[in-house]
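Visitor: I'd like to learn how to read a protein structure. Could you walk me through one?

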Amino acid sequence: MIIGIIAAMNEELEILLSEMSLEETKVKANMTFNKGKLWGNDVVAVVCGIGKVNSAICAQILASEFQVDKVINVGVAGGISKEIHPGDIVIADNLVEHDMDTTSFGDDPGQIPRMDTFDFKCDIELVESAKKACDNNKDLNTFIGRIVSGDVFVADIEKIKWLEKEFKALSCEMEGASIAHTCYLNNIPFVVIRSISDNANNGAHMDFQKFTPIAVKNSTAILKEMLLNM
Ligand code: SAH
């Protein structure tokens, strides 16, 4: 079994790559795919770049060229609900592209027209094993629910109110739903695990810089615990 691990930014994969025993690297679509062993598993770990297009292309390459059996997306995200704070963990059980909008036709915001699903559901077993990993890290606050993605760094209180009301989203970021979408099309089980870097409100970019290192540490810790038990 090969697990594809995707992060958007170098800093989100740094710790993981330092602990990986690398067997081979391949560059495709300007992305470096690192093949090797990590915490007892065969993995391909890759930094995809920011946003939905980069992450979808990356997930498709993992599917088509590396034939991965599962995909895990880790990284940082903005917290939406008031109870969620920097450093907390959010495990997605489903994802939606919040910037998909054909509401002029009467579709719901986020609905991809002519698609047979509204949300992309994460694999139950992967969600369970992420949950277990969190149970073993009791000092981390963990939330499970919907993550929404769009090509926007959300830093606006009105926008997060809308994301919460419209999608009941716990968290927002820029890659998870497009990875989920790609995995759905390829029939590959996936999960998205994020740690909060900011509260997606005014000043989020400042928090993002401050809290990203701790958020990366936390999401990597959960992934490590998860892989060690897989
Ligand atoms: N200029 C910044 C851009 C970061 S974009 C830089 O290059 O560092 C933010 C990244 O973190 C994306 O990969 C996204 O998935 C995640 N993220 C964290 N907080 C977010 C928020 N409030 N809204 C959207 N994405 C967020």
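Guide: Let's start with a loop: Ala 29 sits between strand S2 (21-28) and strand S3 (31-38). Helices (H or I, at least four residues) and strands (E, at least two) are DSSP runs, numbered from the N terminus. Ala 29 has a positive phi of about 50° although it is not a glycine.

Visitor: How should I read a positive phi?

Guide: Most residues other than glycine have a negative phi. Gln 67 is another case here, with a positive phi of about 45° although it is not a glycine. Gln 67 belongs to the loop between H2 and S5.

Visitor: What should I know about the model itself?

Guide: It is a predicted model, where local features need pLDDT of at least 70, side-chain atom pairs count only at pLDDT 80 or more, and totals for chains, interfaces and linings use all residues. Residues are numbered from 1 along each chain as its sequence is written, and side-chain values use heavy atoms, with hydrogens and water left out.

Visitor: Is Gln 67 buried or exposed?

Guide: Buried means under 20% relative accessible area, exposed over 50%, and partly exposed in between (1.4 Å probe, protein chains only). Gln 67 has a relative accessible area of 52%, so it is exposed.

Visitor: How do I check a helix?

Visitor: Which residues of H2 are buried?

Guide: Here is the general idea: an α-helix has 3.6 residues a turn, so residues three or four places apart point the same way. In H2, the buried ones are Lys 52, Ser 55, Cys 58, Ala 59, Ile 61, Leu 62 and Ala 63.

Visitor: And how do I read strands?

Guide: Two strands pair if DSSP finds at least two bridges between them. Strand S1 runs parallel to strand S4 (residues 41-47), with six bridges, and Ala 7 is bridged to Val 47 in S4. S1 also pairs with strand S5 (residues 70-79), again in the parallel sense, over four bridges. There, Gly 4 faces Val 71 of S5.

Visitor: Why is S1 described as largely enclosed?

Guide: Because five of the six residues of S1 (residues 2-7) are buried.

Visitor: What does the side chain of Asn 41 reach?

Guide: We look for polar contacts: pairs of N or O atoms within 3.5 Å; within protein, one must be able to donate a hydrogen and the other to accept it, and residues adjacent in sequence count only if both atoms are side-chain atoms. Asn 41, in strand S4, reaches the backbone oxygen of Trp 39 at 3.2 Å with its side chain. A polar atom of that side chain also lies 2.8 Å from the backbone oxygen of Leu 227. Asn 41 is buried, with a relative accessible area of 6%.
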